[in-house]
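Dear colleague,

Here is the structure you will be working with. My notes on it follow below.

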Amino acid sequence: MHPDALPPAHPKASPPFDLALDAAMVLPIRPANRVLARHTVLVHAGKIEAILPTVDTDHYDIRERVDLSRHLLMPGLVNLHTHAAMALMRGLADDLPLTRWLEDHIWPTESAHVSARFVEDGTLLACAEMLRGGVTCFNDMYFYPEASARAALQAGMRASLGMIALDFPTPYATDSQDYLNKGLALRDGLRGESLLSFCFAPHAPYTVGDDTFGRVLNYARELETPIHIHLHETAQEIIDSEAAFGMRPLARLDRLGLIGADTIAVHAVHLDDRDVDTLARRGAHVAHCPSSNLKLASGFAPIARLVAAGINVGIGTDSAASNNRLDLFTELRLASLLAKAVSGAAEAVPAFAALEMATLRGACALGLDNRIGTLEPGKSADIIALDLSALELSPCYDPISQVTYAAGREHVTDVWVAGERRVADRALTSVDTVSLLARVGEWRSRLQRNAD
Ligand SMILES: [Zn+2]
């Protein structure tokens, strides 16, 4: 569903309810630009049943009532692009351009160390960080997605797992068909997990050939699954593609039929008018990763132009190796500020639009907007609470402005995913952080020895 479309009607809720969240304010994202004062979100069996004035719920039969009288509730944030396991490589190599960073540091470290165990520990570290920062869903692209799935389920977090494809061997898979077979088998095996969904993740036009793209496209059409790919991240990628294929990467993928309403183009930094037109005509989505683009000096994605062309834009962190935070509050604020500076228009990507990108628009790109992305009856109870009484958030004239421009992940106090409380008063409820940090320390020693 397009993010501007109206939600389906839902029958009126009736008690008893599992959970009532009594909040000072509720920012449901739909209807747009609305904040509801002193409202209660009623949850049952993991779903939002109703959002009502708190006074109207006093007599309801409710199992657990949570006092959030200093808080604002909003949908959990959707991280539209990351490589979660790379959290173990945070700060391993900084201040380098993409090609040298990848070829001299990241790829050698991966080939020496990446295993299912590495991915499970790294993804759990990422999940812990993201949950505490208000992210309830992430779209991942990495090796050993079965290990990412285990970590996400342990953390109780929603994940879209990338069925990765590359045209060169790694310890994970021998060739492109082996990558795809492993991803497809995992998808089949985890079909019953309601927190997990899947997308195809051919890495990039410069690491995947036309034959592999053709197979990805056939599977994606048959299984109605999104395709998640890095695209037009650097100027060099375009120069190399013109030399090798006689055309820009986006034109090549479009000719192969790969650009469509199920495509998530990650980065989309270097775009000419024809590229923007192609993305718009095909109904493709863009995953904007502002910090990663800044840190790797990739450039400035023309977000205001994409929005004006009607393209659905969500926001991602990229990995902790190129960011170095998995912090969507930083990203959504940067998305708004950069759009203004790049377009020369202070009106570009206003406060609410940035919040929409970090919630509903990300969900829409993943095909999950019927389940998450807004606080509405019938949707999953993926909800975050921000403490609005913090002094950095005072005074509060406009809560939407406050969340986009003043709040940070440190103001997130509580997080629910499918109605389960995963963060309670800033503490993770489903991750043993002491044991996790001990394992992370062991990985740091191993990777450090390799770097030395
Ligand atoms: Zn990436």
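In this predicted model, 26 residues of domain 1 are in contact with 27 residues of domain 2 (contact: C-beta atoms, placed from the backbone, within 7 Å). Domain 1 covers 17-76 + 374-428 and domain 2 covers 77-365; the bounds come from an automatic or database domain assignment. On the domain 1 side, α13 (399-406), β14 (412-417) and β15 (420-424) each supply at least two residues, and α13 gives the most, with five. Helices (H or I, at least four residues) and strands (E, at least two) are DSSP runs, numbered from the N terminus.

The centres of the two domains, taken over C-alpha atoms, are 29 Å apart.

The largest nonpolar core has 140 residues, and V41, L72, L73 and C127 have the most contacts inside it. Such a core is a set of buried Ala, Val, Leu, Ile, Met, Phe, Trp, Tyr and Cys residues joined through C-beta atoms within 7 Å; buried means 20 or more other C-beta atoms within 10 Å of the residue's own. Leaving aside neighbours within four places in sequence, L72 is in contact with A23, A24, M25, L27, L386, L388, P399 and V403.

Residues are numbered from 1 along each chain as its sequence is written. As for confidence, local features need pLDDT of at least 70 and side-chain atom pairs count only at pLDDT 80 or more, while totals for chains, interfaces and linings use all residues.

Regards

Definitions and conventions
A residue is buried if 20 or more other C-beta atoms lie within 10 Å of its own, exposed if 12 or fewer, and partly exposed in between; C-beta atoms are placed from the backbone. Two residues are in contact if their C-beta atoms, placed from the backbone, lie within 7 Å.
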